[in-house]
Amino acid sequence: MLGQVLEPVQIADMIEAEQRIRKVFPASPLLSMALLNKQLGANVYLKAESLLPSAAYKFRGATNKITTLIEKYGPDIRIITASSGNHGMACALAAARLGIQATVVVPEPTPQIKKDCIRALGAELVESGINYDISFLTACKLADEQKMYYVHPVSDRYTLAGQGTITLELLRQLPEVDQVIVPLGGGGLITGISYAMKHLKPSVKIVGVMPEDSAVYVESRKAGRLVTLDHASSIADACVRVGGEEYLFPYIEKYVDELVTVTEDNIRKAIKTACLYAKLTLEGAAAMALASLIEGKTTATDHTVLICSGGNIDQTVLEACLKMPL
């Protein structure tokens, strides 16, 4: 596919990525909120990726990847991507800031706030299919027909390098970190974080969290091979996938210590808990690390970091979560 790079990622790529993205935005904050800690009965740290310019960690990978494309092919390129929302917003914003045209293909059920933001940021929006997998096929077809460079949301060396910069920041912000709990959907976030961490501080435990009804990598680990689910659904729309990524699966199997699932009710409770006690507005995927603690699927250590991956949640969904009892 034009623009996609499936060579192995390297630590050097992440160091270069940090140099690129630091020109665009600062490190995301690492927070320890007293009220949340009291509610949980444990001290945890929140890596607030929801406070990046596009309100999600995806801005890291998109900025790094698009910048490398411009460096290699010049400023007149056009890019395209498929996304469940956050990566599309990140590509739209990065492309606008870098002065190039972007097309974003999203599933029809994508939250309206994400569709509206993609359009507002100047990208052409195409709605196709009921899930990411269908949108991806549409984007591939358009990329070939119109000679656009594809910015893959997860399976790309330079997208991964951008996500890996989270680890570089974490090791400076909290050198004592001993566990990182990460939302897992397509796999780009946890691959970038785990690859960098296992090379720079291998003692740190990496835990991936998936929705109970969209757990393709959990089932793949059980099977010992990448599988395809019959269906997938979750309030954590950014993590709904029936298939995994061939490029990423070996990384996940090698560098991620444990995979767990969480229920829809506990994701909703985590959204409310984050809002009330951590003062962060999190979408479903971003609340899954917290949900794993609430559900008892993971246990906080002395220096556990929860990756709060994004904050792009529909108002109606947020309101419904806030009405739930804790």
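Start by selecting V182, which stands opposite G208 in strand β8. Stay on this spot and show the strands. The chain runs from β7 through helix α8 (residues 188–200) to β8, and this β-α-β crossover is right-handed. Right-handed means that, with the strands pointing away from the viewer, the path from the first strand over the helix to the second runs clockwise.

Before moving on, note what you are looking at. This is a predicted model: local features need pLDDT of at least 70, side-chain atom pairs count only at pLDDT 80 or more, and totals for chains, interfaces and linings use all residues. Residues are numbered from 1 along each chain as its sequence is written, and side-chain values use heavy atoms, with hydrogens and water left out.

**Stop 1: strand β7**

Select residues 179–183, strand β7. Helices (H or I, at least four residues) and strands (E, at least two) are DSSP runs, numbered from the N terminus. Five of the five residues in β7 are buried. Buried means under 20% relative accessible area, exposed over 50%, and partly exposed in between (1.4 Å probe, protein chains only). Colour the two faces separately. Q179, I181 and P183 are on one side, V180 and V182 on the other, and all are buried.

Two strands pair if DSSP finds at least two bridges between them. β7 pairs with β8 (residues 205–211) in the parallel sense, over five bridges. β7 also pairs in the parallel sense with β10 (residues 304–308), over three bridges. Select Q179 here: T304 in β10 stands opposite.

**Stop 2: aromatic pairs**

How many aromatic pairs does a search of the whole structure find? It finds nine. Rings of Phe, Tyr and Trp (its six-membered ring) pair if their centres lie within 6.5 Å; planes under 30 degrees apart count as stacked, over 60 as edge-to-face and the rest as tilted.

Select F25 and F59. Their pair is tilted, at 5.2 Å centre to centre with 35° between the planes. F25 sits in the loop between α1 (11–21) and β1 (30–31), while F59 belongs to helix α3 (residues 58–73), 34 residues apart. Both F25 and F59 are buried.

Next, select F136 and Y150. This pair is edge-to-face: 5.8 Å centre to centre, 85° between the planes. F136 lies in helix α6 (residues 132–146) and Y150 in strand β6 (residues 149–150), so the pair ties together parts that are 14 residues apart in sequence. Y150 is buried, at 0%.

Then select Y195, Y247, Y251 and Y255, which form one aromatic cluster.

**Stop 3: positive phi**

Select A55. Its phi is positive, about 65°, although it is not a glycine. A55 lies in the loop between β2 (44–48) and α3. A55 is buried, with a relative accessible area of 16%.

Jump to K279, a residue other than glycine with a positive phi near 60°. K279 is in the loop between α11 (264–278) and α12 (288–294). K279 is exposed, with a relative accessible area of 56%.

**Last stop: the surface**

L326 is in the segment after α13 (315–322). L326 counts as partly exposed because its relative accessibility is 48%.
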